[in-house]
Amino acid sequence: MAKINSKDLEALAMYKDSYWDEDGSFPTIVLRFKNNEDRVHFDEVLEKIKPTDDENLKIKFAINDILKKIEKNLGEIRAEPTLVGSVAKGTHLKNPDIDIFIRFPTSYERAFIENFTLDLGKRILENPVIN
């Protein structure tokens, strides 16, 4: 990921108003720039941190692959994988984490869920980061 300096952060922080989109989802931020130089700098920052269409397509393929592997490995276990976090909201930056929650019915004991999900992550991911 590209390094972001303090001037980059200033450019990202320069907004005046924000409001929710009509569908009640992601907030839209209306940026107000002091001059054209600030606008150009902001565009440069966005180019460093915003994923390209090709990168977003690769992320979508990775998500589909992971979700299919999870569902296949669940077998008879009644659980529901759900994409969450910035990727699910479409607010991710370059090289995002892909956050997936697996929802289990309360009939499963906590110890079973912990052991099963840790094993699942090790089986389907090359380098899992499990929190």
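This is a predicted model: local features need pLDDT of at least 70, side-chain atom pairs count only at pLDDT 80 or more; totals for chains, interfaces and linings use all residues.
Q: Why is K94 called buried?
A: The cut-off for buried is under 20% relative accessible area. K94 comes in at 18% relative accessibility, so K94 counts as buried.

Q: Where does K94 lie, and which side chain does K94 join in a polar contact?
A: K94 lies in the loop between α4 (85-89) and β4 (99-103). The side chain of K94 makes a polar contact with the side chain of E55.

Q: What makes the K94 and E55 pair a polar contact?
A: The pair sits at 3.5 Å, and the definition asks for N or O atoms within 3.5 Å, one able to donate a hydrogen and the other to accept it, so the pair counts.

Q: Why is I100 called partly exposed?
A: Buried means under 20% and exposed means over 50%, with partly exposed in between. I100 has 23% relative accessibility, so I100 counts as partly exposed. You'll find I100 in strand β4.

Q: How do you know that I100 touches residues away from its own stretch of sequence?
A: A contact needs heavy atoms within 4.5 Å. Leaving out residues up to four places away in sequence, I100 touches I66, L67, I70, P81, T82, L83 and V84. Take I66: I100 and I66 are 34 residues apart in sequence, with 9.2 Å from C-alpha to C-alpha.

Q: What makes the set with I66, I70 and L74 a nonpolar core?
A: To qualify, residues must be buried, come from a list of types that includes Ala, Leu, Ile, Phe and Tyr, and be joined through side-chain atoms within 4.5 Å. The largest nonpolar core has 10 residues: I66, I70, L74, I77, A79, F104, Y108, F116, L120 and I124. Helices α3 (53-74) and α5 (110-124) each supply at least two residues of this core.

Q: Which residues does L74 touch, not counting those up to four places away in sequence?
A: L74 touches A79, P81 and F116.

Q: How many helices and strands are there, and in what order do they run?
A: The protein chain has five helices and four strands. From the N terminus on, the order is α-β-β-α-α-β-α-β-α.

Q: What percentage of the protein chain counts as buried?
A: Of its 131 residues, 21% count as buried.

Q: What is the predictor's confidence in the protein chain, and where is the pLDDT below 50?
A: On a scale from 0 to 100, the mean pLDDT is 78, and 65% of the residues reach 70 or more. Over residues 14-20 the pLDDT is below 50, though this stretch has 22 contacts in the model beyond near neighbours in sequence.

Definitions and conventions:
Residues are numbered from 1 along each chain as its sequence is written. Side-chain values use heavy atoms; hydrogens and water are left out. Buried means under 20% relative accessible area, exposed over 50%, partly exposed in between (1.4 Å probe, protein chains only).
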